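Hi there,

Here is the structure I promised to pass on to you. Could you open it next to this email and follow along while I go through what I found?

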Amino acid sequence: MIDLRETAAALPSAWSSVVLAQVGTAAVKVLRMEDMPVEEESHAHSEVLLVLDGAMPLLVGGEEVTVSTGQMYVVPAGVPHSVPAGGKGTLVIVEVPE
């Protein structure tokens, strides 16, 4: 059993994730979001972003969305995405490591 919020709170810095499990080729990670931006990136595989608590502003392919508590967003493979300042809370990421 892993307490996701407790694990995220114990991380040494915001936006620094830790891999909790491997499911097939996918990694399940958790991190703590704090009010700071994350630079644009893209991946060869889709990425699942699940906000456990709080909210995360997200720029995906130039479009702004907000992912709130209990919501999940799937970033399609190859689509550039970034996080502007303003996100706070706990985020779970499911991705295939590159």
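Let me begin with His-81, which, leaving out residues up to four places away in sequence, touches Glu-39, Glu-40, Glu-41, Ser-42, His-43, Glu-47, Leu-59, Val-60 and Val-75. Please keep in mind that this is a predicted model. His-81 belongs to strand β7. Its relative accessible area is 4%, so His-81 counts as buried, the cut-off being under 20%. The side chain of His-81 also reaches a backbone atom, the oxygen of Val-79, at 3.1 Å.

Ser-82 is found in strand β7 too. With 13% relative accessibility, Ser-82 is classed as buried. Apart from neighbours within four places in sequence, Ser-82 is in contact with Val-38, Glu-39, Glu-40, Pro-57, Leu-58 and Leu-59.

The largest pocket has a volume of about 240 Å³. Which elements give two or more residues to its lining? They are β2 (26-33), β3 (38-41), β4 (47-60), β7 (81-83) and β8 (88-95). Of these, β4 gives the most, with four residues. In total 18 residues line the largest pocket, and those nearest its centre are Trp-15, Leu-31, Val-38, Glu-41 and Ile-93. By type, the lining divides into nine nonpolar, five charged and four polar residues.

Trp-15 deserves a look of its own. This residue sits in the loop between α1 (4-9) and β1 (18-23). Is Trp-15 buried or exposed? Its relative accessible area is 19%, and Trp-15 is therefore buried, since the limit is under 20%. The backbone is worth checking here as well: Trp-15 has a positive phi of about 60 degrees, although it is not a glycine.

Trp-15 also turns up in the largest nonpolar core. That core has 14 residues, and the ones with the most contacts inside it are Trp-15, Met-33, Leu-49, Met-56, Leu-58 and Leu-91. The elements that supply two or more residues to this core are β2, β4 and β8. Here β4 gives the most, with five residues. As for Met-56, its contacts beyond four places in sequence are Trp-15, Met-33, Leu-49, Val-51, Val-65, Thr-66, Val-67, Val-83, Gly-87 and Leu-91.

Now for a charged residue, Arg-32, which lies in strand β2. Arg-32 has a relative accessible area of 16%, so this residue is buried by the under 20% cut-off. What lies 3.0 Å from a polar atom of the Arg-32 side chain? The backbone oxygen of Leu-11 does. Not counting residues up to four places away in sequence, Arg-32 touches Ala-8, Ala-9, Leu-11, Pro-12, Ser-13, Ala-14, Trp-15 and Gly-89. Between Arg-32 and Lys-88, which are 56 residues apart in sequence, the C-alpha to C-alpha distance is 7.4 Å.

Finally, an exposed position. Ala-44 is placed in the loop between β3 and β4. Its relative accessible area of 56% is over 50%, which means that Ala-44 counts as exposed. Leaving out residues up to four places away in sequence, Ala-44 touches Ala-77 and Glu-98. The C-alpha atoms of Ala-44 and Gly-87 are separated by 24 Å, and these residues are 43 apart along the chain.

Happy browsing, and best wishes

Definitions and conventions. Residues are numbered from 1 along each chain as its sequence is written. This is a predicted model: local features need pLDDT of at least 70, side-chain atom pairs count only at pLDDT 80 or more; totals for chains, interfaces and linings use all residues. Side-chain values use heavy atoms; hydrogens and water are left out. On a 1 Å grid over the protein atoms alone, a cavity is a set of points where a 1.4 Å probe fits but cannot get out, and a pocket is an open set with protein on both sides within 12 Å along at least five of seven lines; lining residues have an atom within 4 Å of a point. Grid points are joined across faces, edges and corners, and a volume is the space filled by probe spheres set on the points. Ala, Val, Leu, Ile, Met, Phe, Trp, Tyr, Cys and Pro count as nonpolar, Asp, Glu, Lys and Arg as charged, and the others, Gly among them, as polar. Buried means under 20% relative accessible area, exposed over 50%, partly exposed in between (1.4 Å probe, protein chains only). A polar contact is a pair of N or O atoms within 3.5 Å; within protein, one must be able to donate a hydrogen and the other to accept it, and residues adjacent in sequence count only if both atoms are side-chain atoms. Contact means heavy atoms within 4.5 Å. A nonpolar core is a set of buried Ala, Val, Leu, Ile, Met, Phe, Trp, Tyr and Cys residues joined through side-chain atoms within 4.5 Å.
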